[in-house]
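Keep the sequence and the model in view while reading.

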Amino acid sequence: MSSRRAQSLPPHMLDEKPTRGKCVTAICFSWKVISCVVSHVILVLMVVSYCVGGAYLFQHLEKPHEIEVKRDILNLRLNLTDKIWRFSDNASVLSQIDWIANVKKDLAGFETQIVTAIKTNGWDGDEDVTKSQWTFAGSLFYSIIVITTIGEW
């Protein structure tokens with residue numbers, strides 16, 4: 001500061017930095033630490049609750065669909081075996097050429113239905129209706145993966 005300006009200012013403005021008391025300094029420091037910690041804790045709690053809520057939502061939305069797809073595949077398989085059995089049982093004379101042609105046609109239709117179930121319905125090849133990929137742990141993992149890929153290019 002120039003000496004001319006220093007002479008024109010009142011004495012209380014000449015001090016560059018006012019001194020604080022120890023109590024005020026401690027309170028200001030405590031407020032900064034608490035606000036930083038609380039904001040980070042709240043952010044972490046929000047992310048965790050988002051993941052847990054997402055896991056719950058994925059499990060309850062996707063699990064019934066997975067079980068339904070597995071039941072449909074089981075019914076397809078049972079219908080195919082029943083159809084082949086009826087064709088074999090109803091024939092008075094079993095001709096190998098006719099039987100093979102009919103079974104090939106039925107198997108080709110079954111293959112098409114299986115491929116469709118894999119591509120469009122997400123069937124994973126497991127037919128056990130009691131097992132599901134959408135357990136809470138699997139859903140939580142998926143929810144975390146969704147969060148980590150947001151914003152990636």
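## The aromatic cluster

Tyr 142 has a relative accessible area of 38%, so Tyr 142 is partly exposed. Its ring partner is Trp 134. Trp 134 sits at 16% relative accessibility and therefore counts as buried. The cut-off for burial is under 20%. This is a predicted model, and the values here are computed from it.

How are the rings of Trp 134 and Tyr 142 arranged? The structure holds three aromatic pairs. In the pair of Trp 134 and Tyr 142, the ring centres are 5.5 Å apart and the planes meet at 85 degrees, so the pair is edge-to-face. The angle matters to the label because planes over 60 degrees apart count as edge-to-face. Phe 58 belongs to this group too: ring pairs link Phe 58, Trp 134 and Tyr 142 into a cluster.

## Overall build

The chain has four helices and zero strands. Along the sequence, the pattern reads α-α-α-α. The chain has 153 residues, and buried residues make up 14% of them.

The exposed surface comes to about 12,400 Å². Carbon and sulfur atoms supply 65% of that area. Take the contacts between residues at least 6 apart: 77% of them join residues at least 24 apart.

## Helix 2

Helix 2 runs over residues 22-90, which is 69 residues. From its first C-alpha to its last, helix 2 reaches 100 Å. That is close to the 102 Å expected at 1.5 Å a residue. Where does helix 2 bend? The bend is at Glu 62 and amounts to about 30 degrees. A proline, Pro 64, follows within four residues.

The UniProt record, an unreviewed entry, annotates residues 37-58 as "transmembrane region". In the model, this span is 100% helix and 0% strand. Its end C-alpha atoms lie 31 Å apart.

## What helix 2 buries

Buried residues of helix 2 include Cys 51, Gly 54, Ala 55 and Gln 59. An α-helix has 3.6 residues a turn, so residues three or four places apart point the same way. Which elements do the buried residues of helix 2 pack against? They pack against helix 3 (96-121) and helix 4 (136-149).

His 65 also lies in helix 2. At 35% relative accessibility, His 65 counts as partly exposed. His 65 and Gly 122 are 57 residues apart in sequence, yet their C-alpha atoms are 9.6 Å apart in space.

## Helix 3 and its contacts

Helix 3 has 26 residues. It reaches 36 Å from its first C-alpha to its last, close to the 38 Å expected at 1.5 Å a residue. Gly 122 follows helix 3, and its phi is positive, near 75 degrees.

Which residues of helix 3 are buried? They are Val 103, Asp 106, Phe 110, Ile 114 and Ala 117. Helix 2 is part of what covers them.

Asp 106 is placed in helix 3. Its relative accessibility is 13%, so Asp 106 counts as buried. Which residues does Asp 106 contact, leaving aside its neighbours within four places in sequence? The contacts are Leu 80 and Lys 83.

Gln 113 and Ile 73 are 40 residues apart in sequence. In space, C-alpha to C-alpha, Gln 113 and Ile 73 are 8.6 Å apart.

Technical notes:
Residues numbered from 1 in each chain as written. Predicted model: local features only at pLDDT ≥ 70, side-chain atom pairs only at ≥ 80, totals over all residues. Heavy atoms only, no water. Helix = DSSP H or I, 4+ residues; strand = E, 2+ residues; numbered from the N terminus. Buried < 20%, exposed > 50% of the residue type's maximum accessible area, 1.4 Å probe, protein only. Contact = heavy atoms within 4.5 Å. Areas by Shrake-Rupley, 256 points an atom, 1.4 Å probe, with all protein chains shown as cover. UniProt positions renumbered as here; feature names shortened; annotations may be inferred. Expected span 1.5 Å × (residues − 1). Bend = angle between axes of the 7 residues up to and from the residue. Phe/Tyr/Trp six-rings, centres within 6.5 Å; stacked < 30°, edge-to-face > 60°.
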